[in-house]
Amino acid sequence: MRALMHGTHLRPRATGAVQRVIRRVSLGAALLLAALVLAACGVTPQTILEPTTEAARASHWLFLVVFWAGLAVFVVVEGALLYTIWRFRRRRGDTLPAQTHGNLKLEIGWTIAPTILVVLLAAFTVPVIFANAQEPEDDAIRVEAIGHQWWFEFSYPDLGVVTANELHLPVGKPAAIIIKSEDVLHSFWVPALRGKLDMVPGRTSVFRILPEQTGTFPGQCAEFCGTAHALMRFTVVVEEPEEFDAWAAHQLTDRVPPTSELAQAGEALLTPAGCALCHTIRGVTEIGTIGPDLTHVGSRTHIAANTMGMTRSDLEHWLRDSDDMKPGNLMILPRPLTEDEIEALTEYLMGLK
Amino acid sequence: MATTTVSVRPNTYAGTAWSWITTVDHKRIAVLYFVTSLAFFALGGVEALLIRLQLSRPELDLVHPDRFAELFTMHGTTMVFLALMPLSAAFFNLLVPLMIGARDVAFPRLNALSYWVYLFGGIFLNISFIAGGAPAMGWFGYAPLTATEFADTHAVDFWAFGLQILGVSSILASINFIVTIINMRAPGMTFNRMPMFVWMTLITGFLIIFAFPVITIGLVLLLFDRYLGTSFFLYQGGGDPVLWQHLFWVFGHPEVYILILPAMGIVSDVLPTFSRKPLFGYAVVAYSGAAIALVGFGVWTHHMFTVGLGPVADTAFAISTMAVAVPTGVKIFNWIATLWGGSISLRTPMLFAIGFIAMFILGGLTGVSLGSPPVDTQVQDTYYVVAHLHYVLFGGTIFGLFAGIYFWFPKMTGRMLSEGWGKVHFWLMMIGFNLAFGPQHQLGIDGMPRRIHTYGADMGWDVWNLMSTVGAWTIGLSMLIFAINAVRSMRSGRDAGPDPWDGGTLEWSMSSPPPVYNFAEVPVVDDRYPVWKEKHGGGHTGAVVAEPPVADTEHDDEEPHIHMPNPSYWPILVAAGMVLAACGLIFHQVFVLLGALIFGISLIGWIEEPPG
């Protein structure tokens with residue numbers, strides 16, 4: 001009875017075939033891994049590892065603290081695990097090991113050790129939480145960032161500027177980003193500038209961004225918001241104050257009147273084709289408020305919430321079949337446009353610099 | 001004890017389909033739970049494979065974004081509520097009575113009801129795929145995407161009613177197991193001698209009965225918003241979408257521990273067996289499980305650091321979240337100490353148990369990083385979180401549950417799973433898992449948000465995504481191997497005998513599968529590992545109060561005459577009535593009446609049913 005109940009008579013029967021399979025699979029996986037790692041060294045514009053503001057640097061710094069501390073713990077604990085398994089692997093003729101039940105000192109020790117680590121981490125974290133919660137200065141540039149399905153509206157209440165999907169900020173000046181949503185949850189996230197803040201309908205949240213470097217920084221909606229969530233991106237353009245002032249001044253002007261005959265035909269289509277119901281183009285029509293303001297759409301670098309370039313072919317594609325480009329988008333045309341109308345509207349919109 | 005001869009295999013599972021429908025035997029109900037939850041696990045897995053296919057390359061057009069949203073919503077919902085929780089419940093059913101020396105659970109018919117409600121609820125939820133579209137707002141159902149304005153089909157109703165139904169199942173099962181564990185332990189089986197799996201079952205039971213009422217309330221309010229035009233979660237009527245987030249995560253975070261604690265219990269019983277040593281720091285492992293559960297109720301807003309609740313709330317919940325690392329770390333140290341000095345045999349169950357520890361360490365560490373709000377606001381809602389949660393729930397829970405499957409399959413079926421194919425399964429799953437979810441850490445750091453159905457080629461995410469997809473399909477392959485192994489072994493696996501692993505707890509004292517009545521005589525327990533003590537000498541008393549030593553419980557081979565509860569068809573009817581009524585709320589009111597009628601009549605039948 002006793003001999004029977006020792007597990008030893010049930011040796012694993014790993015046959016040669018099985019072992020060969022294991023060997024081949026592990027070899028294949030290792031080769032694949034190596035190839036992919038080599039191929040993975042590309043450019044990642046939306047990385048969290050290239051902060052350009054104090055707030056983003058604070059997050060980044062904390063991330064590195066947690067990463068290296070975590071890596072150290074990982075190596076030590078996994079190492080202890082693997083070493084233990086190797087050292088105490090069952091050998092032929094093993095006798096019954098010592099039946100230890102516990103050790104109070106060890107228990108106290110390995111309760112205190114993680115506690116110290118956690119307390120240290122909390123001590124590093126808490127000041128950053130409060131630093132990053134700093135209220136924007138009174139003279140900060142106020143920008144309302146409003147989430148829509150599926151695009152971002154940016155309006156500067158003090159300047160009177162309203163635009164979409166392209167947020168301009170002057171370098172070196174604090175900005176108060178006033179975050180709202182028009183419909184469902186969205187999230188405002190530009191990794192280079194700072195961590196994300198959710199756009200919650202019915203709530204207004206404010207955070208401060210103090211850009212330190214000029215450049216163009218990609219952002220993206222980070223809270224699932226329905227069909228086209230993946231296609232809801234935006235850009236932040238940080239520029240010299242003079243450039244920003246010039247940009248803002250230009251944004252305040254009415255649309256640039258079309259010069260070519262084709263573009264004029266495009267402008268004439270705004271009302272009959274239904275555009276004017278949702279879009280404002282100052283100087284022509286100001287009743288539409290549902291869709292993005294298009295007064296200076298031609299000056300923006302992208303269309304369709306920064307998922308397509310401001311190019312003739314993309315714009316034509318959009319006007320021909322927006323649902324193909326961005327499934328679920330809420331642009332409704334009363335009737336399909338003819339190819340001539342598409343050409344005219346494209347010419348017109350691209351001219352709205 | 002443990003003297004029935006190896007060749008006798010009781011016909012525990014023999015009988016007609018009717019005998020399965022009316023069964024109240026915890027072992028048969030366990031089989032039903034295993035089969036059903038693994039089927040749903042396969043379904044959730046296929047959903048994941050489709051998600052990974054769509055994301056394998058940038059700008060692919062294989063799955064429409066709305067279908068994609070259905071897939072990730074149903075993948076999450078299915079894995080949490082239809083696969084992992086019920087798979088844990090399968091283990092509760094199979095093991096708790098065997099481990100504590102009981103002949104069944106406290107309420108056998110209630111146990112059957114839990115299963116049928118779960119089965120029908122799971123089917124109900126999935127009917128949505130063919131009845132106008134599955135839910136597509138994420139498994140967390142954030143308002144206001146669940147509002148009629150944004151979800152005008154019945155998808156959200158299927159989801160909300162489905163979760164309510166499944167909640168009934170979970171709460172009933174939890175009450176049943178809590179009562180069973182508290183009241184039906186064999187003489188001498190003090191709390192301090194219970195197998196660790198039973199401890200974790202008990203704690204999980206309390207977690208469920210405290211956490212599920214919160215989601216129940218949340219779902220009721222949501223259904224009010226949808227059916228009665230209230231505005232609990234709609235700001236236009238004075239409500240607040242953030243209220244839903246609080247309610248969901250007050251439930252949702254304990255839910256994570258509901259998913260991990262049973263696997264921790266399994267691992268705590270597998271490790272000692274294959275190290276031939278008792279669990280190190282038994283009391284500390286048990287108490288740290290309770291501590292995790294307790295603190296788990298105070299960390300929910302770490303899912304909401306990006307909502308903008310303010311620095312004070314963020315600080316409080318950051319600290320409570322980080323505190324969870326302490327009891328979790330303590331558990332890991334005790335598991336390693338259990339291995340230390342042992343005689344470690346790397347059989348398949350042991351490989352999975354070690355895999356659990358190895359992978360869970362990483363999931364725990366990334367969890368600590370997410371507990372720091374300034375870090376979290378950068379990586380929240382990115383693939384970093386997807387990687388983290390899968391290292392916990394796959395690297396942790398699923399590895400642990402598979403350790404349990406390989407460990408107790410012989411006890412349940414009387415046959416061994418093939419060891420060679422088991423190892424192929426383990427290594428493929430281990431490689432596939434790390435290939436699938438390891439790169440997702442990098443994707444999150446590179447700024448890839450979750451729940452996007454496509455991404456631009458200019459984002460630098462394509463290589464990692466391709467790796468992840470290859471890994472996911474490798475996991476799929478490993479599961480196929482497991483399925484074939486399980487089916488073949490069930491038919492022609494080697495005879496397991498009562499105690500194939502040289503186990504220590506009571507379930508190894510009886511034939512495999514156990515006879516219908518489990519124990520011919522109720523055992524008297526004076527040790528944490530009574531069967532081990534019988535074989536190798538004891539000493540794991542863990543007793544403050546010493547029980548009198550056990551008399552020999554040997555019995556002869558005659559079938560003892562033991563009264564067992566009668567089969568009953570009322571549980572399945574009660575469950576059917578309940579789910580039919582829910583169908584009625586979606587399709588036609590007449591089914592509400594019909595369902596309520598069946599429910600009511602069956603309840604009366606249940607109450608009036610004469611004792612056997």
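Guide: The domain assignment, automatic or from a database, divides chain B into domain 1 (24-537) and domain 2 (566-612). This is a predicted model, in which local features need pLDDT of at least 70 and side-chain atom pairs count only at pLDDT 80 or more, while totals for chains, interfaces and linings use all residues. Residues are numbered from 1 along each chain as its sequence is written, with chains lettered from A and ligands numbered from 1 in the order in which they are written.

Visitor: Which element gives the largest share of the side of domain 1 of chain B that touches domain 2 of chain B?

Guide: Contact requires C-beta atoms, placed from the backbone, within 7 Å. On that basis 14 residues from domain 1 of chain B meet 15 residues from domain 2 of chain B. On the domain 1 side, α4 (108-127) and α5 (155-183) of chain B each give two or more residues; helices are DSSP runs (H or I, at least four residues) and strands likewise (E, at least two), numbered from the N terminus. The largest share, eight residues, is that of α4(B).

Visitor: Is strand β4 (residues 166-170) of chain A largely enclosed or open?

Guide: A residue is buried if 20 or more other C-beta atoms lie within 10 Å of its own, exposed if 12 or fewer, and partly exposed in between, with C-beta atoms placed from the backbone. On one side of β4(A), Glu166(A), His168(A) and Pro170(A) are buried, and on the other Leu167(A) and Leu169(A) are buried. Because five of the five residues of β4 of chain A are buried, the strand is largely enclosed by the rest of the structure.

Visitor: Which residue of β10(A) is the bridge partner of Leu167(A)?

Guide: Strands pair if DSSP finds at least two bridges between them. Five bridges join β4(A) to the parallel strand β10 (residues 233-239) of chain A. The partner of Leu167(A) in β10(A) is Val236(A).

Visitor: How many residues does chain A bring to the contact with chain B?

Guide: Chain B contributes 93 residues to this contact, and chain A contributes 91 residues.

Terms used: Two residues are in contact if their C-beta atoms, placed from the backbone, lie within 7 Å.
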